[in-house]
Amino acid sequence: MRTENVKRTGKCRKERIQRNKITLPGTMSDIWNKMSVGTVCVTAGLTGLLSFVFLAVAIGTDYWYIIDVSNSRYYYGEHWEDLNSHSGLWRICEGKNACIALIDPFGEESKSVPESQRHLLFMQKVFVILLPLSLVLLVLGGICGLVSSLANGLYMLLFTGSYFLLGGALTLAGISVYIAYSKAAFAIAMCLYGHELFNNVYIGFSWSLGLACLSCVLEVIAGSLFLLAAKLTAVQHLQQSATI
């Protein structure tokens, strides 16, 4: 009797293991089937559109870097409010005055910059090129995403996903160069005017840079979603060939 009970329990365990092995692939295939390629492509397209909007707003606004002297203990004179400033990629706005354009790194006025500050011009050239270029690549990526979604082609989706990831890398590179540029410019200002002038002065990055970072994240998400759509397309092609 004991040997029969042991055999029965062993058979029951084997049946449970076999059921689990059978149901696990079924659940995974159900998940893949529920995820439609069209839904993933539409989500990727909307994510890419948001990335374009955020980056366009970031490039066009002047709140990448701000300086606030309201809490400083240093006496700047009667018109100390004019020292508060916020700047973007193209110009700087000081106090209540009109905004002033930054030095054109490609123009004639850049030749008058001292040699000790030439590296700032080089970094300015880099992010002035990379960030607008990333914006243009987003437009072209949107066109590629629309064509690949309508064609439902595997290689087109793979290309579009890789394209968006490349655009995200360019955006990240431009943001990183701008951050390095701002820190280098602040270090030069500290050397020229002294540390006391900047005591209790708030100097930091603002919401325009935050929008650019968010755009970079959304761009990477859009590229990942297009790669996921390519994976789903490959799975569907395998299922169709298996049924045939």
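Two strands are taken to pair if DSSP finds at least two bridges between them; strands (E, at least two residues) and helices (H or I, at least four) are DSSP runs, numbered from the N terminus. The model is predicted, so that local features need pLDDT of at least 70 and side-chain atom pairs count only at pLDDT 80 or more, while totals for chains, interfaces and linings use all residues. Residues are numbered from 1 along each chain as its sequence is written, and side-chain values use heavy atoms, with hydrogens and water left out.

Strands β2 (residues 85-87) and β3 (residues 91-94) pair in the antiparallel sense over 3 bridges. A hairpin of 3 residues joins β2 to β3, and H86 stands opposite C93 in β3. Strand β4 (residues 99-101) also pairs with β3 in the antiparallel sense, over 3 bridges; I100 in β4 is the bridge partner of I92.

The largest nonpolar core comprises 35 residues. Such a core is a set of buried Ala, Val, Leu, Ile, Met, Phe, Trp, Tyr and Cys residues joined through side-chain atoms within 4.5 Å, where buried means under 20% relative accessible area (1.4 Å probe, protein chains only). W64, L89, F127, L131, L157 and Y178 have the most contacts inside this core. Helices α2 (37-60), α3 (118-151), α4 (154-193) and α5 (207-243) each supply at least two of its residues, and the largest share, 10 residues, comes from α5.

Conventions: Buried means under 20% relative accessible area, exposed over 50%, partly exposed in between (1.4 Å probe, protein chains only).
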